[in-house]
There are 2 protein chains.
Amino acid sequence: MDKQAVTIYDVARQAEVSMATVSRVVNGNPNVKPSTRKKVLGIIEKLDYRPNAVARGLASKKTTTVGVIIPDISNAFFSSLALGVDDIATMYKYNIGLANSDGNTQKELTVFNTLLAKQMDGIIFMGRRITEKIREGFSRTYIPIVLAGTIDPTGEIPSVNIDYRLASKDAVSLLVSHGNEKIAFVSSPLINPINKQRLKGYEDIFLENDHLSYSEGLIFEVNYSFEKGKELAKRVKNAGVTACYITDDELAIGLMDGLLDLGVAIPEEIEIITSNNSVLTEFARPRISSITQPLYDLGAVSMRLLTKLMNKEEVGERNVILPYSIEEKGSTKRII
Amino acid sequence: MDKQAVTIYDVARQAEVSMATVSRVVNGNPNVKPSTRKKVLGIIEKLDYRPNAVARGLASKKTTTVGVIIPDISNAFFSSLALGVDDIATMYKYNIGLANSDGNTQKELTVFNTLLAKQMDGIIFMGRRITEKIREGFSRTYIPIVLAGTIDPTGEIPSVNIDYRLASKDAVSLLVSHGNEKIAFVSSPLINPINKQRLKGYEDIFLENDHLSYSEGLIFEVNYSFEKGKELAKRVKNAGVTACYITDDELAIGLMDGLLDLGVAIPEEIEIITSNNSVLTEFARPRISSITQPLYDLGAVSMRLLTKLMNKEEVGERNVILPYSIEEKGSTKRII
DNA sequence: TTGAAAGCGCTAACAT
DNA sequence: ATGTTAGCGCTTTCAA
């Protein structure tokens, strides 16, 4: 049936050597006489033989495939990480087993289990938060797991992130330096530990600036999405804020969109700064000032870390923190 | 080493049945006495046994995973398709083996081959065009392949698309109905068969409208990307066009961005309509009018088609055409 | 440098 | 309804 019915045995027979020898040349084992190697290679070419990775996986207990669990592949933030993961995976000859979790706790667990069943050599996990269930799932296996752009409050699981708290503090600082006194903190669900960190960064500002007063009324918590941001515009406007720090780009674009629809001038009347600097911030008008996270690198470094873990190499810091910066664009005032 | 060292044999022994019986209950084979089934299930639970999918794959010659080849996972167009693919794959109990091809012909072939080596049950291919090399690769295997949002000019390979020619004709028609006479066709590389179709749609307009004259100077061909679109703005403006049809959303946003920077009023001075209606068109200001392609469905239907092919079910049309529509937003004039 | 042979964990006839 | 027994295609000792 399968056109690819050529097995290692066929090659061995035609090359008049044993399977073991064929296996050796395929795997680059040096203990093969050059002349035999050449002969085997010739037959491989002639027969168009390609090793069956499944059989290989069964025999060697390695699949050279890593699972990637992702809340939403169509989200610019996560897909940028995924690109970084894929590139490094390819570089190290790994394939990707992709699983969308919809950010659904139950589904995260399900896909994690099927990924385990498929014998992934390691797992990159992206999620909004680490639930007890998934943590328990993680603890039932020895295969390495790395969190990418995802915080485990306990710090037990290797991860790659930026310092969200410091970054949001810096972002809000910028707004403060522009003279803003009523600054909104617009956040996707605070149950997400990253958002908790960001809120702390926001609160840090009030500790250092006596003339500012913290108010519950300045905290807005909604769901992730363009639409939710848009719906929020009226409330934010009515709160009388002159600036907003926002935890998600889509949310930020939605909010800005809503504000513009309400006739609010940006940045003149309300300044906006967001968190992820995804391409979306470039596409909006005005362009949205943002914390710049190294999205691609977040994914790439996670995958690199995972390769080390899979190879049982020595790794220094298992909770990697990457640098960030603040990029001022059109949605904040340009102070001269 | 592995915490998951439990095999079907362990379960069989403890449940005091044969491996075959365990296999039967795991696979839902009805030929098992309820009481034994219950006993086996109990042991499975107790031992936390999870079937090894690799061994299964080797024995059954089915991996229940499908390969997805994608030019750029971080591109909104493709990642939306990918989401549709993933959802339907999950629904049919398939996993996804993802491979980014960078739109690179050579890499497409490489990843295709590794996907084959990993014994994917089927492949979803997204690309800008089908090269002879990849076609040859396809022809060397019997596993089903479906093109998603990708045209094979020969129509040999099963595919799911919209009627790009008709869609672009409709889009340009709208511009004509608004009184525009100099309408630009701004395209990513025309070597892409989809763009060729679109150009034909654009040309169809001139056949039906005698007062319009086709001119080479109205055709702009650049690379995919926001930046390229932006760079193009001056040339487009200088060409004196009053409207543009654009083949890619990022390109459209870039072009619009560039035009706005040049002080061009949109849609008053130049109307813009694009092709993919990705979320980006919502994020831009003004929002960009667009052909609406059912992105998610393009992926979902492709995957559904692939499941039929993998099951050797009867399929009516192997080259599926999905409906599209035109959505007028802020970048085209609203005629009352 | 090469070969023989024993699995890897499971499925799928074939028997019973 | 259940068990026996070959493999699936490869890696990997262990010998030679």
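Predicted model: local features only at pLDDT ≥ 70, side-chain atom pairs only at ≥ 80, totals over all residues.
Residues are numbered from 1 along each chain as its sequence is written, chains are lettered from A and ligands numbered from 1 in the order in which they are written, and side-chain values use heavy atoms, with hydrogens and water left out. Helices (H or I, at least four residues) and strands (E, at least two) are DSSP runs, numbered from the N terminus.

**Helices that pack together**

- Two packed helices are described by the angle between their axes and the distance between the axes. Axes here are lines fitted to C-alpha atoms, for helices over the stretch in contact, and angles run from 0 to 180 degrees between N-to-C directions.
- In chain A, helix 6 (residues 105-117) and helix 7 have axes that come within 9 Å and cross at roughly 10°. That makes helix 6 of chain A roughly parallel to helix 7 of chain A; angles under 35 degrees count as roughly parallel, over 145 as roughly antiparallel, 65 to 115 as roughly perpendicular and the rest as oblique.
- On the helix 6 side of chain A, A:Gln106, A:Glu108, A:Leu109 and A:Phe112 meet A:Lys133, A:Ile134, A:Gly137 and A:Phe138 of helix 7. Sorted by class, this contact of helix 6 with helix 7 in chain A has four nonpolar, two polar and two charged residues. (Ala, Val, Leu, Ile, Met, Phe, Trp, Tyr, Cys and Pro count as nonpolar, Asp, Glu, Lys and Arg as charged, and the others, Gly among them, as polar.)

**Tucked-away residues**

- A:Arg135 sits in helix 7 (residues 132-139) of chain A, and at 14% relative accessibility it counts as buried. (Buried means under 20% relative accessible area, exposed over 50%, partly exposed in between, with a 1.4 Å probe and protein chains only.)
- Not counting residues up to four places away in sequence, A:Arg135 touches A:Ile130, A:Asp152, A:Thr154, A:Glu156 and A:Ile157; contact means heavy atoms within 4.5 Å.
- A:Ile288 is in the loop between helix 12 (280-283) and strand 10 (289-292) of chain A, and A:Ile288 is buried, with a relative accessible area of 0%.

- In chain B, a cis peptide bond joins B:Arg285 and B:Pro286, with omega about -5°.
- A:Lys93 is not a glycine, yet it has a positive phi of about 65°; A:Lys93 is exposed, with a relative accessible area of 68%.
- B:Ser225, not a glycine either, has a positive phi of about 150°, and at 22% relative accessibility B:Ser225 counts as partly exposed.
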